[in-house]
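Good morning, colleagues. Please have the sequence and the structure on your screens while I speak.

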Amino acid sequence: MSDMDMNRRNFLKTSVGAAAVAIAPGMLLYSVAQGKSEGASSKVRWGMLIDTNQCKPGCNDCVTACNNENGLSGETKPTDSQWIRKIDIKDISTGREISLPMMCQHCEHPPCVDVCPTNASMKRADGIVLVDKHRCIGCRYCMMACPYKARSFVHEPLTGQNPDVPRGKGTVESCTLCVHRIDVGGKSACSEACPNKAIMFGDLNDANSEISRKVHSVASVQVRADLRLNPGVRYQGL
Amino acid sequence: MKKLFFSLLLCLCLPVWAADAPKLDIGKGGQCVEDTQWMRKNHMHLLKHARDDALRLGIRDEKRSLKVCIECHASTRDNSVIARADSFCVGCHKYEAVKLDCFECHSGTRKSAWLAQRNAK
């Protein structure tokens, strides 16, 4: 009888244990899926497609929106920060003129990250290239390394920053692809501001996203593709 | 003789007692992370951990975000944790003579107030 009882007890113990193990992974999965704190995923590659045919010469709306969003002064002296610029180019042989916005191209193999001595210049799992200003010592190697001249150095003390966009003297900064908006489900300020919808923002890795369907079907190029940095920003009609 | 010595010692200590702990403008205040004494001692570790997670990994834990701290602790008078000598951050850091570096880059203003100000422009 006592033998039988022991067996029964052991049976109950093991079955309860097995049930707990079976439930635990399910609960874990559930909490990860529901939680906001899973962070940037390497399954995502944020990028932009810029249609230069739709970009109007003289229009500066994307630049203004960027300045507004990130608290830049909007001035263009050599010591002022510029995260995005409008560039006008002309093919001398044909006379064709185009206008396009230029910003950090969010490379897959960013030279600015390679040269940074303090690991402040970094690429997030979802492809956004950022400066960790907690670590930046302001040496400006990354500004030298960037083939797109996308980065700026903050020369003067700043006040009244956007609470979402910390910026400070002595550090290098550049386009963050509006990471503070992306992390709450938004998109970059420049793409929202463009009156002609010339800037398309989205996930290049998601086969069903508007941007990946478009880069799949129309011709687009990366600027300085010869450097094989695989930028996340692509240009159409260049 | 002994009594005299102790009373003399007491007199010397009095000025130290007189220098009270700082009176802070705690804003809305309240407790959402840990109790007050624990936070006094350890808030910097939480912030340092949260800043690396948020920036480098994109893990934005709202409870440990500087922005959310400021949202409650900013003064109800000027919406700031750094504007005055008795502001929430400045008060203690001045008293303890610890340099407050966060706000060289980060905004010390309550986000809702900052947004209202920007939209008014």
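Predicted model: local features only at pLDDT ≥ 70, side-chain atom pairs only at ≥ 80, totals over all residues.

Where in chain A does Tyr148(A) lie? Tyr148(A) sits in the loop that runs between α4 (141–145) and β6 (152–153) of chain A. Although Tyr148(A) belongs to a loop, the residue is buried, because 21 other C-beta atoms lie within 10 Å and 20 or more is the cut-off. Setting aside neighbours within four places in sequence, its contacts are Met102(A), Cys104(A), Gln105(A) and Val223(A). Met102(A) is 46 residues away from Tyr148(A) along the chain, yet their C-alpha atoms are separated by 7.9 Å.

I turn now to the sheet in chain A. Three strands form an open sheet in the order β8-β1-β9, with mixed pairing. Its edge strands are β8 (199–203) and β9 (233–236), each of which pairs on one side only. From one strand to the next, the twist averages 20 degrees. The strands β1(A) and β9(A) run parallel and are joined by four bridges. Within this pair, Ile50(A) stands opposite Tyr235(A) of β9(A). Helix α7 (residues 210–217) of chain A packs on the sheet and touches β1, β8 and β9; the direction of this helix makes about 110 degrees with that of β8(A).

Which residues have the most contacts inside the largest nonpolar core? They are Ile50(A), Cys66(A), Ile84(A) and Ile199(A), in a core of 48 residues. Strand β1 (residues 46–51) of chain A supplies the largest share of this core, namely four residues. Beyond residues up to four places away in sequence, Ile50(A) touches Cys55(A), Leu100(A), Pro101(A), Ala198(A), Ile199(A), Val233(A), Tyr235(A) and Gln236(A).

Chain B has five helices and zero strands. Of its 121 residues, 26% count as buried. Among the contacts in chain B with a separation of 6 or more, 58% are between residues 24 or more positions apart. In helix α4(B), the buried residues are Phe88(B), Cys89(B), Val90(B) and Gly91(B). These buried residues pack against α3 of chain B.

A word on backbone angles. Most residues other than glycine have a negative phi. Just after α4(B), Ala97(B) takes a positive phi of about 55 degrees. Asn79(B), in the loop between α3 (66–73) and α4 (88–96) of chain B, has a positive phi near 60 degrees. In chain A, Arg140(A) has a positive phi of about 70 degrees, and its place is the loop between β5 (129–131) and α4.

Are Asn79(B) and Arg140(A) buried or partly exposed? Asn79(B) is buried, because it has 20 other C-beta atoms within 10 Å. Arg140(A) is partly exposed, because its count within 10 Å is 14.

Thank you for your attention.

How values were computed: Residues numbered from 1 in each chain as written. Chains lettered and ligands numbered in written order. Helix = DSSP H or I, 4+ residues; strand = E, 2+ residues; numbered from the N terminus. Buried ≥ 20, exposed ≤ 12 C-beta atoms within 10 Å, placed from the backbone. Contact = placed C-beta atoms within 7 Å. Core = buried A, V, L, I, M, F, W, Y, C linked by C-beta atoms within 7 Å. Pairing = 2+ DSSP bridges. Axes fitted to C-alpha atoms, helices over the stretch in contact; angles between N-to-C directions.
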